[in-house]
Amino acid sequence: MELLKSIDPGKLPSHVAIIMDGNGRWAKRQGRNRAFGHHKGVDAVRTVAETAAELGIQYLTLYTFSTENWNRPKEEVDALMHLFVETIEKEIPTLNKNNIRLNAIGDINGLPELNREKLVSTIKQTQNNDRMVLTLALNYSGRWEMVDAIRKMLHDQKKGLLNPEDVNEKTIASYLNTAHMPEPELVIRTSGEQRISNFLLWQIAYSELYFTPVLWPDFGKDDFYEAIIEYQRRERRFGLTEEQIKNWRTETE
Ligand code: IPE
Ligand code: IPE
Ligand code: MG
């Protein structure tokens, strides 16, 4: 409650993206298998999604399964895929209760059929919710997304719909999976690792990065509040000087 009071509701990020990391290490510390850690991770997803929606965050994007994660032991990949199917279905009432719309980015066609079906069906069943968009990055990587965008652009050029001279940053952004979302102002990574691991490469050009040693299954309401408070403490400059930013602030306030 104390932490919540320190948050300025007028300066919230519109989009928070999270690299949920540390499920495996969390499980190991408990003497359990990695799948147990992933199960616990789902509870943290629920808590953080509810907290973000309550705060008034409009977009929450969670890195759930990367293109590279297919290289993990088959047993773990199978357990994760099973967990997604189970969870997505079970969470529909909670999503609807909290007025949260589910969305996905990534190579959805590369997911097992059952996963794809449940995902598409849940997205449909929550499509009219408008408090927050919860995006799962599933079978996602930033480089895959760029390759996918370039491929689509070349197809459009071939059809005469895209002229190379007209291509600018906005055009590229419009071909990405995140076309209808603002860029994340804040990216959080748990578990103490300080890297991006192929997440939202184009979109994080000017994002604030927040790293915390907390392992994902332990990440709760207060940890989320702390990240927001730290974000609000920082000064985003976009290449300008401190003075320019101050002047720009006085002009717009
Ligand atoms: C993150 O936790 C979840 C996924 C990548 C699916 P990890 O499974 O990477 O946990 P650590 O990093 O091994 O502790
Ligand atoms: C990043 O975590 C991917 C997800 C959170 C889904 P990883 O645990 O796979 O990343 P690395 O291997 O530590 O870079
Ligand atoms: Mg990891």
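Which residues are around ligand 1? In this predicted model, where local features need pLDDT of at least 70, side-chain atom pairs count only at pLDDT 80 or more, and totals for chains, interfaces and linings use all residues, the residues with a heavy atom within 4 Å of the ligand are M20, D21, G22, N23, G24, R25, R34, H38, T64, N69, R72 and E76. Residues are numbered from 1 along each chain as its sequence is written, ligands are numbered from 1 in the order in which they are written, and side-chain values use heavy atoms, with hydrogens and water left out.

Oxygen atoms of ligand 1 lie 2.8 Å from an N or O atom in the side chain of D21, 2.9 Å from a polar backbone atom of G24 and 2.7 Å from an N or O atom in the side chain of R25. Of the 370 Å² of accessible area that ligand 1 has on its own (Shrake-Rupley method, 1.4 Å probe), the protein covers 86%. Among the elements, taken as DSSP runs (helices H or I of at least four residues, strands E of at least two), α2 (23-29) and α3 (34-55) give two or more residues to this shell, and α2 gives the most, with three.

The space taken by ligand 1 is the largest pocket, a pocket being an open set of points on a 1 Å grid over the protein atoms alone, where a 1.4 Å probe fits, with protein on both sides within 12 Å along at least five of seven lines, and lining residues having an atom within 4 Å of a point. The volume of the largest pocket is about 910 Å³, and of its 40 lining residues M20, N23, Y63, T64 and F65 are the closest to the centre. To this lining α3 gives the most, with eight residues.

Terms used. Polar contact = N/O pair within 3.5 Å; in protein donor to acceptor, adjacent residues only side chain to side chain. Sits in = over half its atoms within 2 Å of the grid points. Points joined across faces, edges and corners; volume = space filled by probe spheres on them.
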